[in-house]
Amino acid sequence: MKGYVGKVLFVNLSSGEIRAESVPDAVYEQYLAGVGLGAYFLYQHIPAGADPLGPENMLGLVSGLLTGTPGFMTGRWLAVCKSPLTGGWGDANCGGTLAPAIKQCGYDAIFFTGAAAEPVYLYVDQRRAELRPANHVWGLDAVEAEQILQKENWKAKKPDVAVIGTAGENLSLIAGICNDGGRMAARSGVGAVMGSKRLKAVVLAGVKPIGCQDPATMKKYSKQLAARVRKQNVPGLVRGGLFPLAGRMLSRMKKTAPLDGFMTVMLLKKWGSIMNNGMGATSGDSPIKNWRGSVVDYDASHYRNINPDHIVRRETRKYHCAGCAVGCGGIVDIRDIHGGEFTHTHKPEYETCASFGGLVMNKDLGTILYINELLNRAGMDSISAGGTVAFAIECYENGILTPEMTGGLELSWGNAAAIVELVKRMIARQGIGDLLADGVKAAAAKLGSRSSAYAVHAGGQEPGMHDSRMDPLLGLHFSADPTPGRHTIGSGQYYDILHLWEKVSWAPPGLSHLKDEDYVASEEAGVKSVACSCYKEVLDGAGGCYYAMLMGVNNWDLFKYLEAATGWGKTADEYMEIGKRIQTLRQMFNIKQGIDPWQFKMSSRMIGEPPLQAGPLKGRTVPIDDLMRVHWKTFGWGENTGIPTPETVAGLGLDALQAEGV
Amino acid sequence: MAAKQIPVFDYMICVACGLCDQACPVSCLELSKCDVDAYKKAYPVLAAEQRCIGCAICEKACPVEAIQMADRVA
């Protein structure tokens, strides 16, 4: 074995037909597994103009090439489909234990088409795959349904379960797919697609070992990494309350320079992603007050309440994705919140703390923890949900939403009780919640054009909680990635941390430079953004973790791991070419589905039009049109259209697929 | 029948990645030992010894060779 299994499963939920298909080695050599394998099949199988919530859409659960091997930080799976939120390529990434479980059943991916007449779940192990009735768990939240299905199907190995909550059942366009008691593949509306197929869950109980070409070498690399991770610890004196100070210092620096990403390990070990809670506010990274405010509004009297130490104190244990040496997750006790409705929740990510913190001007940590669990159980994306609540508050402030329309809810900034109630109504699609359950773009379309100024999104998807006005290349990826609004693809800061120039011949070296230079759409900016894009696709093809990516290839060498797993003899440049192929195919998917790449350009506020009048990002505007053009041109796509040129398509060997797929 | 050999964990090497638990075909391991380090990482233990079949799949799956199969103590 070379890390991958070499087989995928197709399930037609309309007819009930289930068939396994072998995949030639050459496909893996061109697309890896994970997102690449997903793009390879979805491009061919989803017809142009397919209704994302119709039977023609294909939903895939895909596992990474390195997942389950001794390669650390490779336990990620993706849900892939045509997104009902953007109309283009949709994917969502999640950890936990599900990713290796797919391969332990003997498949690299499971693809669903059609729609079942009644709710069903798919049971799979290494010997069989069958559809079973799911009426008894339909209507339950993701945690309850997972526990029941796990218990029912636990023979020898405890099964892993991918499941939708009520948000997915209700076809909320911001619904995700959950596993491990509330982890979520949250983005792109993948949960709505699963709900539209009346597929409640996928239960995986396989026990097949996952092999690779050279496990001894992989273990050697992992042992070296583990030894370094073990020694990487935050000095005891460093407290979460210091981060806002660090953020303030960062915001005042005129220059930026390459960093060693390994220092993030100690922060992730102690706090996880919430290390950015206060620092994001003071540095300008966290969007405030629906992207129109700053730390001047969300000041210390607010952000000190979401100090990461307050959350870590509640931690009863850490939580790891399978194959992770760091362990940034945790389980936190919330028995003292909201009358003890829930005993615990997964430690909220920074994204959730920011989207239900500064974005809506909320300073009540208990509210964030409670909403975190509500959304995890409902299977609703916290980034999109927070963005939509912020939109609703601003609509209320400007008289577009009235007390009659909100059912008496006073949607003012930071009104924690009203925010909780609104989230509950969105989950239940009750009253005003029904209008908001599909995200800001759909809500603005219903409320009229005056509201569109408050609908902050890129191509229909609410952006991650990192401000593009602080890092223009982040804004570029928000706008130019085939899955828009994603903060995990690339940025100027990411580039400086990735150290790709140490492995990839064409990647320009990261150099100390003035921040002002990042606001120019230079040719080098195009090369850096393309490098980030290509590397992210390799990462998602391998099943790698975003935080491993941010350690930098100088510390976590994805290319070496891939070589040890496959023995293909490829160079880093050749793996980056695979990344380029996957990214180009995802863009071709969008073109096939009728997307004009310009329509994914981020909202005016994210661009800085008009610029902020206060705070660390005062006066900043992103030259987004020029950046998109230089990015597309560097990729070998039309400079003014974003459409991959025939030469690029042929050069990447995608012309045969294009002939078949369109 | 109970296995002759069972896994023994070296917590000085183990990083609690959980791949052993994931690989175990009978789910006899559990990530529940939270007193090894100050972070409260959940390290593996043989929670259901009677279910262990001594297959050594966990040992093979461990990326850092923190597991050794050892004779069961009667």
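**Exercise 1. In what order do the strands of the open sheet of six strands in chain A lie?**

Conventions come before the solution. This is a predicted model, in which local features need pLDDT of at least 70, side-chain atom pairs count only at pLDDT 80 or more, and totals for chains, interfaces and linings use all residues. Residues are numbered from 1 along each chain as its sequence is written, while chains are lettered from A and ligands numbered from 1 in the order in which they are written.

*Solution.* 
- Step 1. Strands (E, at least two residues) and helices (H or I, at least four) are DSSP runs, numbered from the N terminus.
- Step 2. Two strands pair if DSSP finds at least two bridges between them.
- Step 3. The order is 2-1-6-3-4-5, and the pairing is mixed.
- Step 4. From one strand to the next, the twist averages 20°.

**Exercise 2. Describe how strand 1 of chain A is joined to strand 2 of chain A**.

*Solution.* 
- Step 1. Strand 1 covers residues 7-12, and five bridges join it to strand 2.
- Step 2. The two strands run antiparallel.
- Step 3. Lys7(A) has Ser22(A) as its bridge partner.

**Exercise 3. Which strands of chain A does helix 2 lie across?**

*Solution.* 
- Step 1. Helix 2 of chain A spans residues 34-45.
- Step 2. Helix 2 lies across strand 3 (59-63), strand 4 (77-82), strand 5 and strand 6 (109-113).
- Step 3. Helix 2 runs at about 150° to strand 3. Angles run from 0 to 180 degrees between N-to-C directions, with axes fitted to C-alpha atoms, for helices over the stretch in contact.

**Exercise 4. Examine strand 12 of chain A (residues 199-204)**.

*Solution.* 
- Step 1. Six of its six residues are buried (20 or more other C-beta atoms within 10 Å of their own, C-beta atoms being placed from the backbone).
- Step 2. Strand 7 (residues 120-124) runs parallel to strand 12, with five bridges. Val120(A) stands opposite Leu199(A).
- Step 3. Strand 9 (residues 160-163) runs antiparallel to strand 12, with four bridges. Val161(A) stands opposite Val203(A).

**Exercise 5. How do the axes of helix 7 and helix 23 of chain A cross?**

*Solution.* 
- Step 1. The axes of helix 7 (residues 215-231) and helix 23 (residues 558-566) come within 8 Å and cross at roughly 155°.
- Step 2. That makes helix 7 roughly antiparallel to helix 23 (over 145 degrees).
- Step 3. Contacts (C-beta atoms, placed from the backbone, within 7 Å) involve Thr217(A), Met218(A) and Tyr221(A) of helix 7, and Lys560(A), Tyr561(A), Ala564(A) and Ala565(A) of helix 23.

Definitions and conventions. Parallel < 35°, antiparallel > 145°, perpendicular 65-115°, else oblique. Contact = placed C-beta atoms within 7 Å. Buried ≥ 20, exposed ≤ 12 C-beta atoms within 10 Å, placed from the backbone.
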